[in-house]
Amino acid sequence: RALEQSLSSAVKGTYTGSFFYRHLEHIDSGKQEGRKYDPRLRSVISSFEREFRDSIAETRVACYGNIRKDDKVMWHANGQEADPEGVEATVVSDVDDSDGSFFVEPNIIYTHKLRDGDKGEVGEIIDCVNLQLRLTQKIDDTKWKCVQRIHVAGSKMAKVSFPTKEMESLLSENRGEQLSIFPNYTVFTRLVSSFCGKWQTPTEDLSLKTKEEVEMFLKEAINFHLPPYPLFRSMIEMFLLEFVDKRLKDMEKDMMAEMTLEKDYPSTLNHYLYETLIKYRTKPLIQTLKGMSDEDGKISVDHTISVLKNFGVGLKSNEKQEAIDMQFALAAYMKVAQKRFIDTIPRIIQKALMRPVSDDMISAISLTDDELEDVLVETAATKRRRQYLIEKRDSLENAEKAFPSFRSRKV
C-alpha cells in the first residue's frame with residue numbers, strides 16, 4: 001500500500017510521504033555520492049520534456065519574416081539593384097520588436113590599427129571612420145583582424161535580403177512535372193518530411209531518459225518500502241519492471257506513429273496557420289517600411305522596391321519567386337506542426353506510461369499462493385542452516401559462561 005501511494009504521489013507531483021522526505025534530505029545536504037537521485041518523478045520527467053521542447057523549437061524553418069540571432073542573410077552594400085548578389089552576413093542581435101531593426105556582420109575581414117583608447121581584446125567593439133568594427137583576431141601588437149558591425153535600420157533595411165539558393169536547390173531536386181508558378185504540394189510534403197525527420201533524435205532521447213528514470217524510481221521505492229527479503233523484493237521488482245516494459249513499448253510505438261504521421265501527412269485545421277503566414281509576410285514588411293520613412297513619412301521608391309523583393313514582389317525569376325513563397329509557407333506550417341508535436345509527445349507519455357504506472361501497476365501484480373509461499377516461506381535448507389547457527393551460538397554462549405575469566409581478557 002505504501003509503495004502504491006508513493007507511485008501515485010510521484011506521478012501526480014504531490015510528493016508526500018517519508019520516501020520523498022528521506023531522499024530530498026540527502027539532496028539538500030549533499031550526502032549522496034555521484035548522481036543525486038531525485039524521487040520527484042513528475043518534476044524530473046517534466047525537465048526532460050522541456051529539453052525536448054527546446055530541441056524541437058530549434059528546427060524552425062527560417063525566412064525573412066522570422067529572422068533571429070545567428071541567422072544567415074545577404075548584405076547588399078550598394079543596394080539590391082547595384083549589388084544583386086551581395087555577401088553573406090550573420091545576424092548578431094535579436095530583432096527589435098518596435099522597429100524590426102537588428103545588427104549584422106558581413107563576412108568581410110578588415111585590418112585595423114589600434115588607437116589610443118582601444119583595449120585590444122577579442123570581441124571589442126570600436127568606432128573607425130563612421131564604421132563600427134568588432135575585433136576578431138590579433139595580428140601583432142598594433143594590428144587586428146575585425147569585421148564590420150552594421151545596424152540594419154531605416155533605409156539600410158533595403159540592403160538586406162534572405163538567401164533563397166538552398167530552397168531553390170531543394171525545389172529543383174524534388175520537382176516533378178508541375179510548373180513553378182503553382183504551389184507544389186508534393187514538394188511541400190517532401191520538405192516537411194525532411195524537417196520533421198530532425199525531430200526523431202530528440203524524441204528518442206526523451207523516451208530513453210523517461211524509461212531510465214521510471215525504472216530507477218521503482219527500484220528505489222521497492223528497496224525503501226518492501227520488507228528486506230531479497231527473493232521477495234526481486235520477484236516484485238521483476239513484476240513491476242515487466243509491467244513498465246510493456247507500457248514503454250506502447251509509448252514508443254505511439255510516439256513513432258505520431259512522428260510518421262507528421263512526416264507523411266502535413267495537415268491542420270488550425271486557423272493559426274494562416275495567421276502565422278500573414279504575420280511572417282506583413283509584420284516585418286510594415287515594420288521595415290515605417291523604419292525607412294523620413295520625418296515626413298516619405299520613402300524612397302528604389303528602397304521600397306528592394307524591400308518588396310524580400311517578400312516575393314517584383315522578382316524576375318520564377319524559381320526565386322517560388323522559393324520565397326515556399327519559405328514563407330513552410331515556415332508558417334512548421335510553426336504550427338511544432339506546437340502540435342511539442343504538446344502531443346508529452347501527452348503520449350502521460351497516457352501510455354505515467355497514468356498506467358500510477359493507477360494500474362500495483363493492482364496488476366497477482367501472486368498465487370504457491371508463489372507467495374516460495375518467496376515468503378523458508379526453504380528446508382535455509383531452516384537447517386538457521387537451526388545449525390542458533391545451536392552454534394548457544395554453544396559458544398555457554399562456553400563463555402563456563403570460563404568467566406576469559407571474558408575480560410584482551411585479545
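Buried means under 20% relative accessible area, exposed means over 50%, and partly exposed lies in between (1.4 Å probe, protein chains only). This is a predicted model, where local features need pLDDT of at least 70, side-chain atom pairs count only at pLDDT 80 or more, and totals for chains, interfaces and linings use all residues. Residues are numbered from 1 along each chain as its sequence is written, and side-chain values use heavy atoms, with hydrogens and water left out.

**Exercise 1.** Describe the salt bridge between Glu-51 and Lys-209.

*Solution.* 
- Step 1: A salt bridge needs a side-chain nitrogen of Lys or Arg within 4 Å of a carboxyl oxygen of Asp or Glu. Here the N to O distance is 2.8 Å.
- Step 2: Glu-51 sits in helix H3 (residues 41-57) and Lys-209 in helix H7 (residues 200-225), 158 residues apart. Helices are DSSP runs (H or I, at least four residues), numbered from the N terminus.
- Step 3: Glu-51 has a relative accessible area of 40%, so this residue is partly exposed. Lys-209, at 33%, is partly exposed.

**Exercise 2.** Find which parts of the chain are tied together by Asp-325 and Arg-281.

*Solution.* 
- Step 1: The side chains of these residues, Asp-325 and Arg-281, form a salt bridge (2.8 Å, N to O).
- Step 2: Asp-325 belongs to helix H11 and Arg-281 to helix H9 (residues 272-292), so the bridge ties together parts 44 residues apart in sequence.
- Step 3: Asp-325 is partly exposed at 31%, and Arg-281 is partly exposed at 23%.

How values were computed: Helices (H or I, at least four residues) and strands (E, at least two) are DSSP runs, numbered from the N terminus.
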